[in-house]
Amino acid sequence: ADLVLSGYVGDKSAALFLKQFADADWAGDRTDYRSTSGAILFLVGPKTRFPLAAKCMKQTCTSHSTPESEIVAANAAMRSMALPALDVWEGLLARPVHLEFREDNQTCITIIKTGKSSTIQHITRTHGISISLLHEIFQDPNISIVYQESSGQYADIFTKVFNKIPTWHLVSDLVGLSWK
């Protein structure tokens, strides 16, 4: 109750684009070993950082690796937040809008870029996710996937436990949370 989420817009519409962060905690729930997916979407520009949507949800089945849980989180973020937002913002701005997807797991990025993985072929059956669909989405020239250092992963706030006040302040600042 003491926190306020804020953003700012200081750019002309031509400079604006979308930035999506997604993350997962592999087997974070020790009762059933299911992972949690977290995501946050921003409208950004040189002088703009405005949060548009955020999501935190428990994954529906157990993942067997960090890259698997990260793929599940990426899929949820893209399908429920980023792609619908692209449609809205392209309509509002009457132009193509770039989407930059930020991921902190190199293996997940490689799987999405290649559209293949020999170790998580079961993901379609277990999680209902198509790696080839994610691969196709990122073939769009207006959608890019970028490696994000974990220290700057905005979606961590939705997937991790922060026991130290300075760390909580750092992750809060990343997403635009501040004390009243």
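**Rings, cores and a helix face**

Mentor: This is a predicted model. Phe-42 is buried, and Tyr-154 is buried as well.

Trainee: How do you know that Tyr-154 counts as buried?

Mentor: Tyr-154 has a relative accessibility of 17%. Buried means under 20%, so Tyr-154 counts as buried.

Trainee: What makes the pair of Phe-21 and Tyr-154 stacked?

Mentor: The ring centres of Phe-21 and Tyr-154 are 4.0 Å apart, and the planes meet at 5°. A pair needs centres within 6.5 Å, and planes under 30 degrees apart count as stacked.

Trainee: Why is Phe-21 called buried?

Mentor: Its relative accessible area is 2%. The limit is under 20%, so Phe-21 is buried.

Trainee: What makes the pair of Phe-42 and Tyr-154 edge-to-face?

Mentor: The angle between the planes is 90°, with 5.4 Å from centre to centre. Planes over 60 degrees apart count as edge-to-face, provided the centres lie within 6.5 Å. Phe-21, Phe-42 and Tyr-154 form one aromatic cluster.

Trainee: Which residues touch the most other members of the largest nonpolar core?

Mentor: That core has 33 residues, and those touching the most other members are Leu-18, Ile-71, Met-78, Leu-99, Phe-101, Ile-112 and Phe-138. Its largest share, eleven residues, comes from α1. There is also a second, separate core of ten residues, which includes Phe-21, Ile-40, Val-44 and Val-171.

Trainee: What does Ile-71 touch?

Mentor: Leaving aside residues up to four places away in sequence, Ile-71 touches Cys-108, Ile-111, Ile-112, Ile-120, Ile-123, Ile-129 and Leu-134.

Trainee: How do you know that the buried residues of α2 line one face of the helix?

Mentor: In α2, Cys-108, Ile-109, Ile-111 and Ile-112 are buried. Viewed down the axis of α2, the buried residues fall within an arc of 165°, so they line one face. An α-helix has 3.6 residues a turn, so residues three or four places apart point the same way. The buried residues of α2 pack against α1, β5, α4 and β6.

Trainee: What is found at the start of α2, and what just after it?

Mentor: At the start of α2, a side-chain oxygen of Asn-105 comes within 3.2 Å of the backbone nitrogen of Thr-107. Just after α2, Gly-115 has a positive phi of about 75°.

Trainee: Why is Gln-59 called buried?

Mentor: Gln-59 lies in the loop between β4 and α1. Its relative accessible area is 2%; with the limit at under 20%, Gln-59 is therefore buried.

Trainee: What makes the link between Gln-59 and Ser-37 a polar contact?

Mentor: Their side chains are joined at 2.8 Å, and the cut-off is within 3.5 Å.

Trainee: In which sense do β3 and β4 pair?

Mentor: Strands β3 and β4 (residues 48–58) pair in the antiparallel sense over ten bridges. Two strands pair if there are at least two bridges between them. A hairpin through two residues joins β3 to β4, and Leu-43 has Phe-50 in β4 as its bridge partner.

Conventions:
Residues are numbered from 1 along each chain as its sequence is written. This is a predicted model: local features need pLDDT of at least 70, side-chain atom pairs count only at pLDDT 80 or more; totals for chains, interfaces and linings use all residues. Side-chain values use heavy atoms; hydrogens and water are left out. A nonpolar core is a set of buried Ala, Val, Leu, Ile, Met, Phe, Trp, Tyr and Cys residues joined through side-chain atoms within 4.5 Å. Buried means under 20% relative accessible area, exposed over 50%, partly exposed in between (1.4 Å probe, protein chains only). Helices (H or I, at least four residues) and strands (E, at least two) are DSSP runs, numbered from the N terminus. Contact means heavy atoms within 4.5 Å. Rings of Phe, Tyr and Trp (its six-membered ring) pair if their centres lie within 6.5 Å; planes under 30 degrees apart count as stacked, over 60 as edge-to-face and the rest as tilted. A polar contact is a pair of N or O atoms within 3.5 Å; within protein, one must be able to donate a hydrogen and the other to accept it, and residues adjacent in sequence count only if both atoms are side-chain atoms. The arc is that of the directions from the helix axis to the C-beta atoms.
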